[in-house]
Amino acid sequence: MNYSLAKKFTFGSLMMFALPTTVMMIFTSLYTIIDGVFVSRFVGTNALSSINIVYPAINIVLGIAVMFSTGSCAIVAKKMGEGKPGNARAAFTSIVYLNILVGAVTAILGNLFAEPLVRLLGASDLLMSDCMTYMRWQMAFAPALMLQILFQMYFITEGRPGLGLFLTVLAGISNAVLDYVLIVPLKLGVAGAAIATVTGYMIPAVFGLIYFAVSRRALWLVSPRLSAAELKETLINGSSEMVTNLSSGIITFLFNLLMMHYAGEDGVAAITIIQYSQFLLNALYMGFSQGVSPVISYNYGSRNTKQLKQVFKTSFLFTGVTSILVFLTAQLGGGIIVTIFAHPGTAVYDLARHGFMVFSFGYLFSGVNIFSSALFTA
């Protein structure tokens, strides 16, 4: 079978192949950012702080989902490159079911223990109610979030990155529209933001299940079969990408504790604004890395060393150039970005504006970190 992963990739064709996934991940990251814009503008910066307090818990779910998707995708794409499509489909099906199971357990536990979790994450009495609301909605739809991440990767492996992009854009537009309707006219506050976000999760998750149930292109749902060794390899192989996500959640947790101690709710709101830029940056490099990972895995499986070297050179060139451009954009346009969330002259704006200039130096290095991790996983 002639998969699109088997074609010869030049610099331009690799960029075009990875583009839908890159845009797709950026749109996914915009879920939280769109929530933040509407919440900060129409509910208040304290409500914005509540969303960021909950973020580390959501990031754990994201980390697990990324571990399953990247770790298994490397194995599945490698099997395809080795000419074993039946084994690839059985492994893929097993991972889909495993995501649903783990997501369901997370949803139950996340709601049962929402209050102690929120306290542990550093919520003050002032933020407690909004934190609980956002946490419960997000945890309830953990299976949809995990399937969304999984199908984003496997639409690429399937050779249909454009379809994944379309679904993610549709989900992003739905999220933005619902954010406005639920927060502004209906005045549902943080609950409205949470409902809008989880609705966005559902669109790629439900369509992905339907697509892979009826598709007969390269991957589709069959009888699950994944050996203990393959499951172990999936978890170990995807653990580096999981750490990339978890590190962001841990850093957010520590920032929140420090900001709450030294600057109160305004400090948490300020660091939230700064980290939204990081969401977009990480999404850019994670999207690109996920876009090229199946190409790397496939050619690794087919022993095409020449193509692997070309993909490697192209990827590092892209990562290096964009890192410099993103850093310069942050330095020159930091004030404009902060203005989207906070009014100039407020304590939140002043804190965020100063912090943004310091924080942006990290943008020079994060792209190389993310791609290097994805390269070895693939």
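F92, F151, Y154, F155, Y211 and F212 form one aromatic cluster in this predicted model. The structure holds 16 aromatic pairs, a pair being rings of Phe, Tyr and Trp (its six-membered ring) with centres within 6.5 Å.

The model is predicted, with local features requiring pLDDT of at least 70 and side-chain atom pairs pLDDT 80 or more, while totals for chains, interfaces and linings use all residues. Residues are numbered from 1 along each chain as its sequence is written, and side-chain values use heavy atoms, without hydrogens and water.

**Aromatic rings**
- F38 and F42 form a stacked pair, at 6.0 Å centre to centre and 25° between the planes (stacked: planes under 30 degrees apart).
- Both F38 and F42 belong to helix α1 (residues 11-42), four residues apart, about one turn of the helix; helices are DSSP runs of H or I, at least four residues, numbered from the N terminus.
- F38 is buried at 17% relative accessible area, whereas F42 is partly exposed at 48% (buried: under 20%; exposed: over 50%; partly exposed: in between; 1.4 Å probe, protein chains only).
- R89 lies over the face of W220, 3.7 Å from the ring centre (criterion for Arg: CZ within 6 Å of the ring centre and within 35 degrees of the ring normal).

**Packing of α2 and α3**
- The axes of α2 (residues 45-81) and α3 (residues 85-112) come within 9 Å and cross at roughly 175° (axes: lines fitted to C-alpha atoms over the stretch in contact; angles: 0 to 180 degrees between N-to-C directions).
- The two helices are therefore roughly antiparallel (over 145 degrees).

Methods. Angles under 35 degrees count as roughly parallel, over 145 as roughly antiparallel, 65 to 115 as roughly perpendicular and the rest as oblique. Rings of Phe, Tyr and Trp (its six-membered ring) pair if their centres lie within 6.5 Å; planes under 30 degrees apart count as stacked, over 60 as edge-to-face and the rest as tilted.
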